[in-house]
Amino acid sequence: MEYRHLGRTGIQVSALSYGSWVTFHTQVGIDAAVESMTIAYDAGVNFFDNAEAYADGKSEEVMGTALKKLGWRRGSYLVSTKLFWGLNEGVNEKNTLNRKYLIEAMNGSLKRFDLDYVDLVFCHRPDPTTPIEETVWAMHNLIEWGKALYWGTSEWSAAEIVSAIEIAERHHLHKPVMEQPQYNLLSRERMEKEYTRLFADYGYGTTTFSPLAAGLLTGKYNNGIPADSRGALQGLEWLRERFTDQEAIEKVKLLGKLADEIGVSLSKMAIAWCLKNPNVSTVITGASRVEQMHENMKAMDVVEKLTPDVMSRIDEILSTYKKN
Ligand SMILES: NC(=O)c1ccc[n+]([C@@H]2O[C@H](COP(=O)([O-])OP(=O)(O)OC[C@H]3O[C@@H](n4cnc5c(N)ncnc54)[C@H](OP(=O)(O)O)[C@@H]3O)[C@@H](O)[C@H]2O)c1
């Protein structure tokens with residue numbers, strides 16, 4: 001495993017990490033979580049991603065129970081949560097980054113994990129109705145109180161992130177140090193264009209998500225939605241539009257042919273492609289089965305196969321893709 005600094009912080013994250021969205025509680029119970037996390041840890045993964053909203057808090061419970069069973073040294077791994085959507089219907093408790101919500105949500109998350117602190121906490125989306133200054137102060141306090149060690153953003157615009165950093169600098173507060181954006185062969189804009197100044201000027205770290213575009217980049221949706229896939233799960237109907245986007249599927253088919261030609265699976269090629277970007281601190285992988293874990297953890301070995309020639313052929317295939 002390779003370890004990369006999380007932006008300009010002193011902490012190092014494994015280049016591949018493992019997250020629990022959709023899978024934990026819904027598809028993966030405690031025993032399977034223990035098994036998957038063991039495969040990841042044995043491969044050198046030191047970062048496990050989670051969020052309050054995943055399975056309405058149950059994903060944190062599953063991960064917390066799994067960590068207890070695994071008994072790993074707390075210093076040897078990093079855990080995250082993300083706050084924004086909330087678990088309750090109260091007027092101040094959902095779709096918000098207000099101070100009261102953030103503090104109560106953080107306490108709830110630690111209780112579900114049964115941990116003293118999380119290593120990373122993210123504001124899961126921007127909240128245009130709360131002053132960024134209020135959010136920055138609350139996140140600073142969470143760090144001062146030892147409930148989290150580093151804080152960051154997820155899917156914020158570059159302008160919102162710069163604003164948060166500048167407020168923190170002005171008041172000598174803990175600044176946000178990492179962003180969690182989507183980044184994969186079909187979704188490149190933010191990482192490669194919008195955030196360029198964030199990397200150059202602030203050394204912002206990134207924990208990128210959905211390296212396989214939620215499964216589309218495995219090729220499993222090339223001929224429809226398999227019954228045992230994420231695309232067939234109830235409650236995720238909104239993802240189906242993406243899984244049946246014919247233009248994207250044409251690209252996936254061409255990428256699959258290229259992967260065959262260089263002798264690797266499309267999944268590994270897609271994950272390795274994310275690893276090539278030096279502004280990626282860690283690629284958060286997802287898996288609903290242990291076979292997938294084993295395969296994805298081998299993506300590091302494929303990076304060297306992505307020569308400049310292969311990378312430009314990938315760009316050629318994608319260049320006609322409108323949503324790129
Ligand atoms: N901050 C955010 O807003 C945000 C949003 C999304 C995700 N995330 C984080 O990023 C993590 C990863 O995102 P993701 O789960 O969307 O990642 P992904 O790698 O794009 O998709 C993972 C899914 O693809 C399928 N898959 C994975 N490896 C496979 C393989 N080798 N062969 C065949 N199928 C494979 C599995 O679904 P099937 O069940 O269909 O097999 C798996 O659950 C999440 O767990 C979460 O921690 C964060």
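Helices (H or I, at least four residues) and strands (E, at least two) are DSSP runs, numbered from the N terminus.

The model on screen is predicted: local features need pLDDT of at least 70 and side-chain atom pairs pLDDT 80 or more, while totals for chains, interfaces and linings use all residues. Residues are numbered from 1 along each chain as its sequence is written, and side-chain values use heavy atoms, leaving out hydrogens and water.

**Ligand**

Select the ligand and its surroundings: 34 residues make up the shell, and the closest are D49, S210, K220, R230 and S288. Colour by element next. Helix α11 gives the largest share of this shell, 3 residues.

Now look for polar contacts (pairs of N or O atoms within 3.5 Å). A polar backbone atom of G19 is 3.2 Å from a ligand oxygen, and one of A214 is 2.8 Å from a ligand oxygen. At Q180, an N or O atom of the side chain is 2.9 Å from a ligand nitrogen. On its own the ligand has 910 Å² of accessible area, of which the protein covers 96% (Shrake-Rupley method, 1.4 Å probe). Two or more shell residues come from each of β10 (282-285) and α11 (290-297).

By type, the shell holds 10 nonpolar, 17 polar and 7 charged residues. Here Ala, Val, Leu, Ile, Met, Phe, Trp, Tyr, Cys and Pro are nonpolar, Asp, Glu, Lys and Arg are charged, and the others, Gly among them, are polar.

**Aromatic pairs**

Show the rings of Phe, Tyr and Trp (its six-membered ring); they pair if their centres lie within 6.5 Å, and planes under 30 degrees apart are stacked, over 60 edge-to-face, the rest tilted. There are 9 aromatic pairs in the structure. Start with W21 and W238: the centres are 6.2 Å apart and the planes at 35°, so this pair is tilted. W21 sits in the loop between β3 (16-19) and α1 (30-42), and W238 in helix α8 (residues 237-243), 217 residues away. For accessibility, buried means under 20% relative accessible area, exposed over 50%, and partly exposed in between (1.4 Å probe, protein chains only). W21 is partly exposed at 28%, whereas W238 is exposed at 52%.

Move to Y41 and W72, stacked because their centres are 3.7 Å apart and their planes at 5°. Y41 belongs to helix α1, and W72 to the loop between α2 (58-70) and β5 (78-83). Y41 is partly exposed at 24%; W72 is buried at 15%.

How values were computed: A residue is near a molecule or strand if one of its heavy atoms lies within 4 Å of it. A polar contact is a pair of N or O atoms within 3.5 Å; within protein, one must be able to donate a hydrogen and the other to accept it, and residues adjacent in sequence count only if both atoms are side-chain atoms.
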